[in-house]
Amino acid sequence: MSLHDQLRAVHENRRRSIAAEAIEVMDRNGRELAASDLTERALGVGAPAPRFTLPAATGQRVALDGLLADGPVVLTFYRGAWCPYCNLALRALQEQHDAITARGARLVAVSPQIPDESLTLAEKERLAFDVLSDIGSEVAAQFGIAFDLSDELGTLYDQLGFDLKRVNAGHSRTLPLPATFVIDRTGTIRWAFVQTDYALRAEPADILAALDALD
């Protein structure tokens, strides 16, 4: 089953378990985000990737330049461990981790969560790749994929118990769009997936194909 099909199955199951009023809020905010120009403003193929250094779940600081010194980088942004779609996408990437490294690339995941939350996720999902903390989504903003939740949706997320104020170190309303970038050794984005729909993620097979297409 493709990641897309797995995500759709999770989406349909969750909609059956959430109150109709909550679904209406999510759907309305999803339509408004889709109608924005955020995906058009996001960095795309041919753009230089912004350089960054972020703390990893295990404590060390990881710099994009250091990763690129060893080869291309697969950089994926996710909302947080509270998001079931993110967890499913990260598990799918973990399943392809060996295939990614066999192509000489490094896989890195970034979220606005504090390092402790990232460490818990990495241990729970047995992730073999770096999970970095982008507090305040500052790096996500440099890639053009950061956005602020509406007050309405932020309040709903609080009611659902996501506790974004705590896990995001006070930046409870700023999140990244689901996005994945393949960056070549020169620091140029060679493939990009950016979506406003949180139930859609880059297919691992497409990421591998993008790596295979690098010069």
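## The second largest cavity

Helix α5 is the top contributor to the lining of the second largest cavity, giving 4 residues. This is a predicted model, and the cavity in question holds about 110 Å³ of space. Its lining counts 15 residues, and T76, A89, L93, T180 and R201 lie closest to the centre.

Besides α5, the strands β3 (73-77) and β8 (179-183) each supply at least two residues of this lining. Sorted by class, the lining of the second largest cavity comprises 12 nonpolar, 2 polar and 1 charged residues.

## The largest cavity

How many cavities of 30 Å³ or more does a search of the whole structure find? The search turns up 2, and the largest has a volume of about 130 Å³. Of its 14 lining residues, R14, I18, M26, Y85 and Y198 are the closest to the centre.

Two or more lining residues come from each of α1 (3-17), α2 (20-35) and α5. Here the largest share belongs to α1, with 3 residues. The lining of the largest cavity has 10 nonpolar, 1 polar and 3 charged residues.

## The nonpolar core

Now for the packed side of the picture. The largest nonpolar core has 75 residues, and L75, F77, F143, I145 and Y157 have the most contacts inside it. Helix α5 (residues 84-95) provides the largest share of this core, 7 residues.

F77 is worth a click in the viewer. Setting aside neighbours within four places in sequence, F77 is in contact with V110, D134, V139, A140, F143, I145, P176, L177, P178, A179 and F181.

Note on methods. Residues are numbered from 1 along each chain as its sequence is written. This is a predicted model: local features need pLDDT of at least 70, side-chain atom pairs count only at pLDDT 80 or more; totals for chains, interfaces and linings use all residues. Side-chain values use heavy atoms; hydrogens and water are left out. A nonpolar core is a set of buried Ala, Val, Leu, Ile, Met, Phe, Trp, Tyr and Cys residues joined through side-chain atoms within 4.5 Å. Buried means under 20% relative accessible area, exposed over 50%, partly exposed in between (1.4 Å probe, protein chains only). Contact means heavy atoms within 4.5 Å. On a 1 Å grid over the protein atoms alone, a cavity is a set of points where a 1.4 Å probe fits but cannot get out, and a pocket is an open set with protein on both sides within 12 Å along at least five of seven lines; lining residues have an atom within 4 Å of a point. Grid points are joined across faces, edges and corners, and a volume is the space filled by probe spheres set on the points. Ala, Val, Leu, Ile, Met, Phe, Trp, Tyr, Cys and Pro count as nonpolar, Asp, Glu, Lys and Arg as charged, and the others, Gly among them, as polar.
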